[in-house]
Structures are given as C-alpha cells and as structure tokens.
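Trainee: I would like to learn how to read this model, one feature at a time. Please give me the general idea, then the case here.

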Amino acid sequence: MAGKKRATRSARPAGVPAASSAVAINDYPAGSLLSVNHLTLDDVSSILAAATELEAARPRERAKLLDGRKAALLFYESSTRTRTSFELAAKSLGVVTTLVSDKSSSIEKGESLKDTGITLRALGAECIILRHLSSGAPYLLARATGLPVLNAGDGMHEHPSQALLDLRTILARLRLAPAARRGAISRTTLRGVTVVITGDILHSRVARSNSLLLPRLGARVVFCGPPELLPEHAVTIGRGVSIERDFDKALAKADVVMMLRIQKERLAGLQLDLAEYTDRYQLHNERLALYAPKACVLHPGPINRGLEITSEVADGPQSMIAEQVRHGVAIRMSLLVRALQTGGRG
Amino acid sequence: MSVKAILIRGGRVVDSSTGVNAERDVLLKDGLVAAIEEPGRIPRGQAATVIDASELIVAPGFVDIHVHLREPGQGYKETIATGTAAAAAGGFTSVCCMPNTTPVNGEPEITRWMLEPARRAVVNVFPVAAATVGSLGEELTEYDKMQVAGAVGVSDDGKPILEDEIMRRALVAATRLGLPVIQHAEDTRLTGGCSVNAGPVAFRLGLRGYLVEAEAAIVERDLRLVREIMAADKGMRPHLHVAHLSTARALEAVKQAKSEGLWVTCEVAPHHFTLTDEAVGDYDTHAKMYPPLRSEEDRNAMIQGLLDGTIDAIATDHAPHAAHENEVEFERAANGITGLETSLGLSLKLLHGKHGMKLERVVHLLSTGPARAIGLKGLGGLVVGAAADVVLFDAGREWTFRTAESWSKSRNSPFDGWDLPGRVEVTIRGGAMVYRR
C-alpha cells in the first residue's frame with residue numbers, strides 16, 4: 001500500500017471545522033443576494049437609496065446604466081410577480097435578459113443546476129436570478145458559477161427581494177425614513193413598529209426573510225398561525241420575533257399585518273381544516289375594523305381571495321398589495337445594479 | 001499463512017478483553033498472536049521484523065460494524081479494495097459491510113463474490129445480509145444460506161424493516177441461527193422529504209425536519225416485538241442491534257430494555273457525538289446524513305451513553321459518495337459521510353480529550369465492544385492464539401485529516417482540515433502489515 005500519491009492540500013487552514021465555518025460568513029460572489037442575513041444595514045440603506053434614485057431617473061438615462069449587460073432568469077417554479085418584476089426592472093436598465101424555465105429547457109432532460117449555471121455563464125450571463133423549489137439552491141448556483149446570484153425565492157427558505165420591497169412599502173407608508181439617503185437605515189428605524197405575519201409561516205420564505213430583516217431595524221415581528229403551520233421553534237429564527245396564536249390579539253398590536261397564502265403545494269399530506277382556518281385566521285373587514293383600523297395590510301401574493309383574506313380587505317383602503325408590487329420593480333432595479341456593477345463582468 | 005513473524009517492542013498494550021493496560025512486547029507469528037510478555041522477555045531473534053512501539057499504544061485491531069463498501073455495483077463511490085484500505089489507515093482490521101449494494105446483498109452468490117480474494121480486501125470483511133429480498137421489506141431472504149456464505153447479521157440498512165409482521169419474522173428467523181437483526185430505525189412514514197433534524201436549524205433553512213420520534217418509534221416497536229417473542233417462546237432470545245443511534249429518546253428505550261435483560265445492543269457514529277445540525281451551515285451537503293445530525297441535547301446524550309456503557313460500540317457508518325452526488329440541491333444530495341479514517345481521532349478528541357473517558361475505554365468502544373455487539377467471535381481482543389489483528393497508534397500525536405489524502409475513493413467528509421489526536425502508525429491484520437504510515 002505504499003507509494004500512494006498525495007494530492008494537493010486543502011486550502012482551508014488547519015483546525016478550522018469546514019462545516020461550522022460556513023455559518024454567517026458571506027463568501028459568495030460580490031453582488032449576490034442569497035439571504036437577507038448577508039446584508040449589513042448599510043447595504044440595506046444603499047439598496048433602498050439606489051431604488052429611489054433609479055425610480056426617479058428618466059427612463060432614457062436609466063436604460064443606459066446597464067446597457068447590453070446580460071442576466072439570466074432561471075425559474076424552476078412558476079411565478080408572475082417576481083419574474084415579471086425582475087424582467088421589467090432589468091429591461092428598464094438596458095439589461096439583456098433571457099428566461100430559462102424548467103418546462104422548456106434541458107432541465108427537463110435532467111441537467112443539473114450546476115451544469116445549467118455553467119452553461120448560462122458560458123453563454124455570457126453575468127448574473128443569474130434564480131427561483132427554485134429547493135431551499136438553498138442559490139448557494140449551490142453561486143458556488144458553482146462564481147456569478148452574482150439573486151435569490152428570487154428558494155423553497156421554504158428565503159425571498160430576500162420580497163423582504164426588501166416589503167420594507168420599502170412599510171417605510172413609505174409609515175413615512176419613517178428618508179429612504180433616498182444612504183446610511184439612513186439604522187437599528188432604530190422601525191422602533192415601535194409591530195409587524196404581524198399571519199398564516200403558513202412554516203412553508204413561507206417570505207416570512208423567513210421578513211422576520212430576519214425587520215427586527216434588525218428595530219421592528220417587532222409577531223407570527224400568528226396554528227401549530228401545524230407555525231411550530232414553536234419558529235421564534236428561534238432571531239431576536240425580536242414572538243408568537244401570538246390568537247389573531248385578534250395579534251391584530252390589536254399590529255401596525256402592519258402581512259397575510260400569507262396557504263401553500264397547498266407544500267402541505268405534503270398535512271391535514272388542515274380550511275373552514276376552521278378561515279374562521280380563525282382570515283383577515284376580513286369586521287376583524288380589521290375592530291382590531292387594527294389603522295394598520296396597513298400586505299400580502300406577497302398570489303392571493304387566495306376568500307381564504308386568508310377577503311376581497312374587501314385586499315381591495316380596501318388599508319391594502320398596500322398593489323403598492324408592494326410597484327416597490328418591487330424599484331428594489332429589483334437596485335439589486336440588478338448592485339449585482340452587475342459590483343459583481344458580474346471580470 | 002506465510003507471513004513473517006513480527007515482534008512489537010516497547011509499546012503499551014491496551015486491551016479491554018483481557019484488562020491489560022501495561023507495557024508489553026507482542027510476538028505475532030503464523031497469523032496469530034504468539035506471545036504477550038513483559039518488556040524484554042521475548043528475544044529479538046524470534047522475529048524477522050521488529051517494530052519499535054515505544055510511545056505507542058498497541059491495541060486489538062479496530063472493528064467497524066457499520067460500513068458501506070459499495071461493491072457490487074457502486075464502484076464509482078468505493079470498492080472493497082479502497083474501502084478496506086481506508087479501514088486499515090484508520091486502524092481497523094475488520095469491517096461489517098451493509099447490504100445496500102447493487103444488487104442488494106440478499107443472495108449467497110453476492111456474499112461469496114464480496115469475499116473473493118479478487119476483491120483485494122486488506123482487512124477482514126464481514127458482509128451483513130439483506131433482511132428482506134431487495135431490502136423491500138416484504139419477504140425474508142434465506143438467512144441460513146446467507147450465513148453459510150459468510151453473513152454475520154441481517155439488515156435492510158438505509159431503510160427500516162418497517163412492517164411489524166416482517167420484523168417479527170426476521171427476529172425469529174435470525175434468532176434460530178444466532179444472528180443479530182441490525183435495524184436502521186427510521187419510521188419512514190414520518191420522514192418523507194426530510195433532510196435535516198427537526199428544530200430551529202431546519203426552520204431557519206426551510207428544510208423539512210426529521211423528528212426524533214421517527215427513530216424512537218421504531219426502536220420502541222422493535223423492543224416490543226422482542227418482548228412478545230420472548231414471552232411466547234421462553235427459549236427464544238432475539239438479538240436486536242440498533243444501528244447509528246442518534247437520539248436521546250431512542251437511547252433511553254435501549255437503556256430501559258438492557259435493564260430488563262433484553263439482548264439489545266447499539267452503536268453510535270462519531271459524527272453524532274461530534275457535530276450537531278448547526279454544522280449544516282449554509283446547506284453544506286457534507287453535513288447531510290441519515291439519521292441527520294441532531295441537537296446539542298441529543299449529541300450530549302450520545303456522549304453520556306458512551307460514558308455510562310449503554311452504547312456498546314462506535315461505528316462509523318462510512319458512506320462514500322462521488323462528488324457529483326453532493327454538488328446538488330441539499331434535499332437531493334446523498335446521505336452520509338466517509339468515516340473510517342477519522343473515527344479514532346474524533347473518538348479520542350471528543351471522548352478522551354473533552355469528556356475524560358479513559359483511553360482503554362475508547363479502545364474498547366472501537367474493538368472489543370463492536371466485536372461483541374455483533375458477535376464476531378475471536379475478534380476485538382489481543383490474546384495469545386487469536387488472529388494477529390493489531391493497531392499501533394500514537395495517542396498524543398496530532399495530525400490533520402485531509403480528504404484529498406484519504407484512502408477512500410470518495411471525499412465526502414465534513415472533517416476536512418480538522419486537527420485530530422491519535423495518529424495510526426501501523427495496522428496489522430492476520431500477522432501481515434496492511435498499513436504503515
């Protein structure tokens with residue numbers, strides 16, 4: 001058995017455990033946004049400020065900013081809002097986009113995510129916007145390609161651009177921060193603001209990204225839902241997060257109430273009595289008027305009208321749902337500029 | 001056997017089977033242990049080869065009762081030759097290999113094929129037979145024929161024997177032959193789509209969580225079956241062995257059963273007493289195993305169980321996988337890690353170094369303990385007349401494990417770059433040196 005060749009040594013310094021060193025260290029390609037945890041508050045400020053500047057810019061000027069740069073939209077899950085929003089944001093900056101979906105590509109033939117990413121890079125993609133049904137897929141893609149990856153929703157994990165657009169919506173509605181100023185966001189920006197997130201927390205990447213981001217700005221996040229959809233250990237996601245299972249009590253504290261969709265596709269055999277669910281957790285006019293007449297209502301969409309929220313509330317004066325979508329384009333323009341100006345080329 | 005005699009001089013013999021923990025010289029001759037004497041008593045002229053073992057521990061060759069050697073059919077992950085080379089490098093002289101090969105080891109010809117000299121095994125290989133045909137959990141394999149071919153136990157490892165009636169039959173059939181039933185305790189009805197332990201980490205990562213109850217439920221069910229079989233037939237004493245135990249709750253069930261006098265044994269893998277689910281970090285697929293890495297509470301329970309003797313053996317669940325099987329989405333990545341070369345180091349680091357376990361006890365859990373747990377007679381002890389299976393290691397010497405330098409064909413380990421105590425210097429199997437650093 002002698003004479004076996006010794007291969008080159010690993011780059012990791014001796015004694016550094018491989019697994020634990022990965023926690024909370026963002027060594028992913030510059031300009032990536034995989035998790036809101038990778039953003040400092042200064043990053044958040046800059047992203048919001050750039051969003052405002054870009055939104056105010058003249059369309060013709062804006063279209064020159066990233067003229068001819070290439071971004072791929074890689075979507076393994078259906079999407080209306082996020083995909084269109086990223087696409088419109090990219091086009092308004094002059095970015096050339098290509099859409100690759102699992103339905104009409106070699107993904108159907110079994111090509112791996114790694115190989116799909118390498119192929120897109122070889123075709124000139126400088127940034128990949130990924131929507132994927134597996135939690136953590138953007139990490140794999142970023143590692144495999146070295147390109148900036150924008151996480152447009154990965155499984156039940158995160159949806160960082162959604163959290164940023166929700167933040168922008170909340171700030172605008174509450175007239176809290178001069179969002180155009182860099183460095184404007186601090187640990188106290190949302191002090192005293194309570195955000196109630198109600199519904200299928202367990203399966204929600206929107207809930208995770210928001211509950212990781214908003215408390216860092218001083219907000220209190222209250223999760224509300226039945227145990228099947230909201231396990232007790234959900235509060236361990238971070239400081240500033242608590243559980244209130246009684247929706248009326250939660251609403252009474254709310255400055256912002258974020259309703260989540262029941263994700264039938266992720267329930268995986270979980271039996272849920274929808275009539276009882278609706279009874280306890282639906283946001284309807286009487287409930288809203290009684291407990292939270294001033295709160296603003298958010299929903300990441302798509303909405304199941306008549307299930308978690310009634311049409312009257314979704315279309316009512318407290319609803320910011322359409323505003324969220326509008327803020328989404330600005331945020332995504334900002335993220336694309338960040339990805340392609342700091343990362344990408346070279 | 002035409003191996004030359006070897007004299008190991010000046011080392012400290014540590015062997016729990018005899019209780020020896022003292023300076024001894026050891027003479028190996030004709031594949032057997034020929035003499036164990038006070039230092040200097042055995043003349044040098046007795047052996048062609050003399051090994052200076054001063055500062056070294058001389059222990060019975062280690063026994064790993066849970067490895068995956070991947071042959072037949074999955075030679076791209078590991079072969080019997082490469083897997084046993086990794087074993088030798090880790091100080092092991094005997095391994096029990098699980099039947100989830102391709103095809104599944106449920107027929108005598110497959111077992112015999114695994115044992116052919118052409119496989120170039122450098123340590124003893126003891127195949128475990130599939131408990132059911134194709135490990136599909138429906139129909140028992142022919143245990144008698146499998147035993148004759150060389151199988152030392154039955155298991156559907158990788159999957160549980162789920163149905164009560166099939167498990168009952170497996171226990172009865174195995175008991176008649178004196179074989180253990182090795183159970184992969186996982187209630188798969190509760191773990192569909194799960195890739196990490198249920199808890200805060202699973203929630204944060206948005207991954208479906210594997211409940212501790214899924215393991216405990218099967219262990220508790222199996223113990224109930226054992227009790228029922230014994231009650232129905234006083235002559236029956238089934239031997240249940242719980243593979244890769246990982247939860248405090250299942251450990252408690254085993255402890256209770258042992259106190260009742262049931263013949264139940266269990267093993268724990270080094271990763272389960274070293275790491276918790278926090279090691280998954282940002283979806284590190286090298287920290288993905290089945291059962292998954294558990295909570296700190298469960299990890300501590302494993303250490304307690306090793307310290308108090310409830311756990312019979314350390315077993316690696318050495319599970320090599322090719323790189324492409326881990327460069328995929330976490331939920332789709334292969335389960336398991338290689339373990340043969342890090343088992344001694346992690347055991348010394350955690351159990352001896354951090355928790356004060358005596359060195360002889362660590363050696364016991366790697367040699368005598370596992371040999372007894374599975375019933376490998378004549379192995380796991382350093383006694384005159386027994387097979388000359390010996391490991392020499394430097395307990396105090398730190399070394400760095402690097403997957404790039406591993407003897408295994410695969411590189412899937414979360415311990416790449418770890419500094420570990422206890423460097424294996426020499427491994428001797430059947431009187432022949434099979435590894436020398």
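Trainee: How many of the residues of chain A count as buried?

Mentor: A residue is buried if 20 or more other C-beta atoms lie within 10 Å of its own, exposed if 12 or fewer, and partly exposed in between; C-beta atoms are placed from the backbone. Of the 346 residues of chain A, 48% are buried. This is a predicted model: local features need pLDDT of at least 70, side-chain atom pairs count only at pLDDT 80 or more, and totals for chains, interfaces and linings use all residues. Residues are numbered from 1 along each chain as its sequence is written, while chains are lettered from A and ligands numbered from 1 in the order in which they are written.

Trainee: What is the secondary structure of chain A?

Mentor: Helices (H or I, at least four residues) and strands (E, at least two) are DSSP runs, numbered from the N terminus. Chain A has 13 helices and nine strands.

Trainee: In what order do the four strands of the open sheet lie?

Mentor: Start with pairing: two strands pair if DSSP finds at least two bridges between them. Here the order is S2-S1-S3-S4 in chain A, with parallel pairing. Strand S2 (96-101) and strand S4 (149-154) of chain A are the edges, each pairing on one side only. Neighbouring strands of this sheet are turned by 15 degrees against each other on average, direction ignored. For such angles, axes are lines fitted to C-alpha atoms, for helices over the stretch in contact, and angles run from 0 to 180 degrees between N-to-C directions.

Trainee: How many bridges join strand S1 of chain A to S2(A)?

Mentor: Six bridges join strand S1 (residues 70-75) to S2(A). Leu73(A) has Leu99(A) as its bridge partner in S2(A).

Trainee: Why is helix H8 of chain A described as largely enclosed?

Mentor: Count its buried residues. Nine of the nine residues of helix H8 (residues 205-213) of chain A are buried, so the rest of the structure largely encloses this helix. Among them are Val206(A), Asn210(A) and Leu213(A).

Trainee: What do the buried residues of H8(A) pack against?

Mentor: Packing is read from contacts: two residues are in contact if their C-beta atoms, placed from the backbone, lie within 7 Å. The partners of H8(A) include S4, helix H7 (160-174) and strand S5 (194-198) of chain A.

Trainee: Which residues touch the most other members of the largest nonpolar core?

Mentor: A nonpolar core is a set of buried Ala, Val, Leu, Ile, Met, Phe, Trp, Tyr and Cys residues joined through C-beta atoms within 7 Å. This core has 243 residues, and Ile128(A), Val257(A) and Leu336(A) touch the most other members. Helix H13 (residues 321-342) of chain A gives the most to this core, with ten residues. Take Ile128(A): leaving aside its neighbours within four places in sequence, its contacts include Ala72(A), Leu74(A) and Val149(A).

Trainee: How does the domain assignment divide chain A?

Mentor: Domain bounds come from an automatic or database domain assignment. It gives domain 1 (29-158 + 328-342) and domain 2 (160-325). Their C-alpha centres lie 25 Å apart. The contact takes 31 residues from domain 1 of chain A and 27 residues from domain 2 of chain A. On the side of domain 1 that touches domain 2, the largest share, eleven residues, comes from H2(A).

Trainee: Is Ile57(B) buried or exposed?

Mentor: Ile57(B) is buried, with 23 other C-beta atoms within 10 Å. This residue lies in strand S5 (residues 57-60) of chain B. Leaving aside its neighbours within four places in sequence, Ile57(B) has contacts including Gly11(B) and Phe393(B).
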